[in-house]
Structures are given as C-alpha cells and as structure tokens.
Amino acid sequence: EEKVKKELHKSLSDLQKQQESKHGEMTSANRQLKMEREVHQQELADLRSELQNAKIKHERNVQELMKLLKQEKDDAEAQIRMLKMELVEEKNVVKTQCRQLEKIKIECDKLTEELTRNEEENIKLRRKCEFVKQELEKKNKQISNEEDHLRRMDEARLQFKDQLHHLEMEQESILTMIGSEIDAACEIFSRDSMEKFKVIL
C-alpha cells in the first residue's frame, strides 16, 4: 500500500506538473489568442472605418455626379428650347421670304409684260417713223420739179421732221421711263430680300 501510495503520489505529482505545464501553455495560448483577437478586432475596426469612409465618399461622389447631371440636363433642355425658338423664327423668316419672293416674281412678270408691250409699241413707233420717212421721201420726189409746190412740201417736210423728232423723243422718254421703273423695282426687291438681287441695267 505504501508503495502504491508513493507511486500514486508520484503519478499525482507528475500529473500536477503536466497540469501546470498545460495550464501555462493554455495561459500562453490564451494570451496569444487574445493578442491576435485584439489585432484582428483593430484591423476589423480599421476596415469598418475605411468602408464607412468609402461609403461616405461614394455617396458624396454620387450626389455630386447627380448634381452635375441635373445641371447638364437643365442646360441641354434650355438649349433645346432656345434652338426650337430659333427654328420657329427661321421658319417664319423663310415663310416671309417665300411670300416676298412670290410677290417679286409677280411684279417681275408684270414688268416683263409691260416691257413687252412697250417694245411692241416701240416697234409700232419705228414702223410709223419709217412710214413717215418714206412719205417724206415721196413728197420730196414729188416737189422736186415745182418751186411753189416745193415750198409747200418743204413746210410739210419740216412738219414731218418735227413730228418725227417728237416721236423719237417720245420713244426715248418711254424707254428711259421703263428702264428707271425696272431699276427702281429691282433695287427695292434687292433691299427687301435676304438674297440680294442684281440690278438689271
């Protein structure tokens, strides 16, 4: 019994030593684990802080981006409204110019008709002048042999010359008036139109 008791005391002592050794190892392991846990918790806290800062920065960037997009959208809408207004004004100007151009065409057609009539009248006047000249030549031939008749025919010739001069002056006046009217009309049209018309001389 004494021998067994000694062995048991020895075993107990060994077990206590092992327990103390294990306890020391456990304490050291707990200390190491605690230190590692503190380090991990600190790293986790840092990561959470960085994540929070990143979220705040991201939200700030998103808000700034949304603000910038809203400003650009407002500017684009304002520019679109302005362009629409300019387009309406341009359409109105085009309509006005088309009406003016139509009026100009009508007026030019009228002037062309008037010029054609005046040219026809001018041709008639020329024929009349030619006829008067031929009559004058006939009269000159008829009065070549009679002095008294020559005097009367000379008076008639002078009268016909005056009439011819009057007709030529009338013809020149008509042509000058037509040319002035055409030049004035073309100048008026070239002032009123966006596309400048060349004056027809």
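This is a predicted model: local features need pLDDT of at least 70, side-chain atom pairs count only at pLDDT 80 or more; totals for chains, interfaces and linings use all residues.
1. Overall make-up. The protein chain has 2 helices and 0 strands. Helix α1 spans residues 2–142. N118, M66 and K91, taken up below, are placed in helix α1.

2. Burial and surface. Of the 201 residues in the protein chain, 11% are buried. The accessible surface comes to about 17,700 Å². Carbon and sulfur atoms account for 55% of that surface.

3. Contact range. Take the contacts in the protein chain between residues at least 6 apart in sequence. Of these, 60% join residues at least 24 apart.

4. N118. Leaving out residues up to four places away in sequence, N118 touches I174 and I178.

5. Nonpolar patch. Which residues make the nonpolar surface patch? They are V62, L65, M66, L68 and L69. The patch covers about 450 Å². M66 sits in helix α1 and has 53% relative accessibility. Exposed means over 50%, so M66 is classed as exposed.

6. Positive patch. K91, K95, R99 and K103 form a positive surface patch. One of these residues, K91, is found in helix α1.

Note on methods. Residues are numbered from 1 along each chain as its sequence is written. Side-chain values use heavy atoms; hydrogens and water are left out. Helices (H or I, at least four residues) and strands (E, at least two) are DSSP runs, numbered from the N terminus. Contact means heavy atoms within 4.5 Å. Patches are made of residues with over 30% relative accessible area and no salt bridge: like charges are joined within 9 Å, nonpolar side chains (Val, Leu, Ile, Met, Phe, Trp, Tyr) within 5 Å. Accessible areas come from the Shrake-Rupley method with a 1.4 Å probe; for residues, only the protein chains shown count as cover. A salt bridge is a side-chain nitrogen of Lys or Arg within 4 Å of a carboxyl oxygen of Asp or Glu. Buried means under 20% relative accessible area, exposed over 50%, partly exposed in between (1.4 Å probe, protein chains only). Lys and Arg count as positive and Asp and Glu as negative; His and the chain ends are not counted. The place of a charge is taken as NZ of Lys, CZ of Arg, CG of Asp or CD of Glu.
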